[in-house]
Amino acid sequence: MTYRAPINDILLALNHGAGLKAAVEAGHFGDFDADITSAVLEEAGKFATDVLAPLNRVGDEHGIKLDDGKVTTAPGWPDAYKRWTDGGWNAVSGPESFGGQGLPLAVNAACTEIWSASNIAFGLCPLLTLSAIEALDAHGSAELKQIYLPKLISGEWTGTMQLTEPQAGSDVGALRSRAERQADGTYRLKGTKIFITYGDHDMTDNIVHFVLARLPDAPAGTKGISLFLVPKFLVNPDGSLGQRNDIYASGVEHKLGMHASPTCTMTMGDRGSAIGYLIGEENQGMRCMFTMMNQARLGVGLEGVGIADRAYQQALAYAQERKQGRAIGHDGNGSDAIFAHPDVKRMLMQMRALTAAARTICYATAVALDVSVRAKDAKARGEAAARGALLTPIAKAFSTDIGNEVASLGVQIHGGMGFIEETGAAQHLRDARITPIYEGTNGIQAIDLVTRKLAADGGASVWALLDELKDTVGRVEASNDPAFGTTATKLHEALGALERSSRWLLERVTSKPNDALAGATPYLRLFGSTLGGCYLANEALAARSASAGDHGRYVALARFFAETITVQTSSLEKTVTEAADAVNGADAVLLG
Ligand SMILES: Cc1cc2nc3c(=O)[nH]c(=O)nc-3n(C[C@H](O)[C@H](O)[C@H](O)COP(=O)(O)OP(=O)(O)OC[C@H]3O[C@@H](n4cnc5c(N)ncnc54)[C@H](O)[C@@H]3O)c2cc1C
């Protein structure tokens with residue numbers, strides 16, 4: 001079954017749940033014409049349906065091949081990539097000064113969901129290029145920007161992000177790749193990176209690698225890491241491609257999913273000399289990399305949303321076709337579509353509600369990141385930066401967790417056929433499984449949320465967000481619409497649970513860090529479930545006040561989320577605040 005981008009849902013989430021419309025009206029987006037958003041998304045949806053979705057299965061079945069350091073992608077991949085760049089899709093949010101279209105990151109976020117839903121393994125390549133563009137634009141020298149940015153933005157060249165080494169995964173500070181200063185101002189790199197996405201491929205004639213390495217006199221740990229740009233082919237002064245640089249794919253991984261995305265071992269400096277150019281300052285690589293990682297983390301969250309929506313669409317279609325059993329109260333002959341059974345409806349609603357909530361959380365993160373750089377007012381920029389920083393780990397971890405849950409429910413709705421590759425439901429689950437792992441595992445996101453984001457300014461950004469969410473709940477109450485059921489009560493209780501858990505963690509984050517860390521993951525889930533519930537309620541209110549003909553379904557969706565998912569926050573609160581001893585006393589159980 002093919003994929004159709006849910007444009008109406010996306011626009012409602014973007015404009016109302018995530019606050020793009022309000023931010024545009026507040027003047028934070030300059031002369032951006034919000035009316036073009038729907039036209040861009042319609043076209044993105046067509047490209048996804050016509051070009052990317054048909055290659056999803058092809059890529060899964062063919063995978064990629066490595067021969068003498070050269071990776072060949074699946075049939076149709078290079079052509080699709082060319083159509084992608086010809087269509088200008090790589091350049092959507094790139095800076096206009098280097099040939100980009102300068103559209104908001106939030107619009108690109110909606111596009112990223114669409115690419116991920118139609119073909120997640122394809123979409124991963126430009127997702128990393130976009131992060132590379134951000135880092136180079138923010139930290140690179142004028143000369144490097146001039147040479148590399150236009151081609152990265154157009155997509156003529158792609159980018160990679162190279163942190164991981166065998167002994168340095170979550171602990172990036174343990175990396176050992178070396179860089180030595182040269183008299184001409186360049187650096188020579190030597191080392192091995194593993195798990196590098198699109199480290200080599202045949203879709204473009206050059207690849208620009210962004211590599212973390214350590215200078216000989218660098219301090220230990222993350223304080224001694226520098227970021228280097230290491231092109232596959234060096235670039236001549238006239239812009240043409242020069243000699244092959246000494247950075248090669250020396251191996252590729254065989255994986256559970258994402259078969260079409262090459263995951264490479266990269267070797268530098270083994271065949272001569274790998275020439276690199278410093279980005280930013282020496283030993284400031286982590287700062288530069290964070291620019292890249294935040295972008296990429298949001299992008300991976302959107303992968304979770306995309307794959308969830310794809311799995312949902314497929315399960316919904318299957319549930320309407322597959323006939324089994326009789327619905328209660330059915331009289332007449334024959335069996336009914338499984339859609340008629342309440343348990344199947346429950347699963348479908350859960351899929352749809354989780355997907356919609358994660359979508360808006362990701363879009364809200366993108367809007368905040370946009371405002372943090374676009375607003376004229378410094379106060380608005382600062383507040384938005386804090387909001388974007390707070391939401392990023394939630395966007396990444398909540399959305400990728402639900403991507404897996406929803407893809408798993410998709411298999412369940414297919415019954416035995418879900419376990420059979422033919423239906424495609426299994427591929428979604430296999431492809432989704434990496435998303436909670438890469439770009440910082442979801443455990444690391446939860447730690448980031450508690451120790452950095454919540455703890456920043458004594459919780460100020462959390463309290464500011466809570467105030468906004470309380471306002472939404474007040475408006476649900478004031479609507480007096482019986483169709484909301486107990487939504488307002490459930491959201492109100494969830495906000496209480498979020499506030500109490502936040503205070504409990506804040507009190508312990510320094511004094512009893514192991515207690516705080518033991519509750520980090522359930523806290524992130526609590527946060528996401530509360531946010532999602534409030535955002536969906538806000539969207540339902542917006543649909544009501546616009547008198548959209550179909551507003552009833554958005555109210556029903558918000559109600560379902562609040563009454564069946566947000567309610568879990570009360571037990572999550574107990575897990576955060578009462579289970580630390582049980583977790584930290586686990587050694588006796590696990591090792592005894
Ligand atoms: C398909 C694929 C593509 C990838 N693409 C790239 C890429 O393009 N570039 C790149 O640089 N890397 C890439 N990676 C690497 C990826 O980012 C790492 O696998 C990931 O960061 C986790 O590191 P690790 O595998 O070493 O796991 P580990 O760090 O060993 O973690 C193992 C487990 O321990 C937990 N853990 C570790 N440390 C802590 C801690 N301090 N507190 C609590 N829990 C902890 C983790 O959450 C995890 O559950 C890719 C990996 C894969 C599989």
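A polar contact is a pair of N or O atoms within 3.5 Å; within protein, one atom must be able to donate a hydrogen and the other to accept it, and residues adjacent in sequence count only if both atoms are side-chain atoms. Keep that in mind as we look at the ligand.

The model here is predicted, so local features need pLDDT of at least 70 and side-chain atom pairs count only at pLDDT 80 or more, while totals for chains, interfaces and linings use all residues. Residues are numbered from 1 along each chain as its sequence is written, and side-chain values use heavy atoms, with hydrogens and water left out.

## Around the ligand

| Residue and its atom | Ligand atom | Distance |
|---|---|---|
| Phe 195, polar backbone atom | nitrogen | 2.8 Å |
| Thr 197, polar side-chain atom | nitrogen | 2.8 Å |
| Thr 441, polar side-chain atom | oxygen | 2.7 Å |

Taken alone, the ligand exposes 970 Å², and the protein buries 60% of that. Accessible areas come from the Shrake-Rupley method with a 1.4 Å probe, and for residues, only the protein chains shown count as cover.

Is Phe 195 buried, partly exposed or exposed? At 48% relative accessibility, Phe 195 counts as partly exposed, a label for values between buried (under 20% relative accessible area) and exposed (over 50%), found with a 1.4 Å probe and protein chains only.

Phe 195 also has a positive phi of about 60 degrees, although it is not a glycine. Most residues other than glycine have a negative phi. Asp 457 is another non-glycine residue with a positive phi, near 55 degrees. You will find Asp 457 in the loop between helix 11 (442–454) and helix 12 (460–479), where its relative accessibility of 66% makes it exposed.

## A covered helix

Now turn to helix 1 (residues 7–17), which is mostly covered, with eight of its 11 residues buried. Among them are Ile 7, Asp 9, Leu 12 and Gly 17. What do the buried residues of helix 1 pack against? Their partners include helix 2 (20–25), helix 3 (36–62), helix 5 (105–139) and helix 15 (520–545), where contact means heavy atoms within 4.5 Å. After helix 1 comes Gly 19, which has a positive phi near 85 degrees.

Ala 543 sits in helix 15, and at 3% relative accessibility it counts as buried. The C-alpha atoms of Ala 543 and His 16 are separated by 8.8 Å, although these residues are 527 apart along the chain.

## Rings that meet

Rings of Phe, Tyr and Trp (its six-membered ring) pair if their centres lie within 6.5 Å; planes under 30 degrees apart count as stacked, over 60 as edge-to-face and the rest as tilted. The structure holds 12 aromatic pairs. In one of these, Phe 47 and Trp 115 are edge-to-face, at 6.1 Å centre to centre and with 85 degrees between the planes. Phe 47 lies in helix 3 and Trp 115 in helix 5, so the pair ties together parts that are 68 residues apart in sequence. Both Phe 47 and Trp 115 are buried, and they belong to one aromatic cluster that also includes Trp 77, Tyr 81 and Phe 122.

Tyr 523 and Phe 527 form an edge-to-face pair too, because their ring centres are 5.7 Å apart and their planes stand at 75 degrees. These residues are four apart in helix 15, which means that about one helical turn separates them.

## A buried histidine

Our last stop is His 428 in helix 10 (residues 425–432). At 3% relative accessibility, His 428 counts as buried. Which side chain makes a polar contact with the side chain of His 428? The partner is Gln 314, at 2.9 Å. Not counting residues up to four places away in sequence, His 428 also touches others, including Asn 56, Ile 307 and Ala 407.

Notes:
Helix = DSSP H or I, 4+ residues; strand = E, 2+ residues; numbered from the N terminus.
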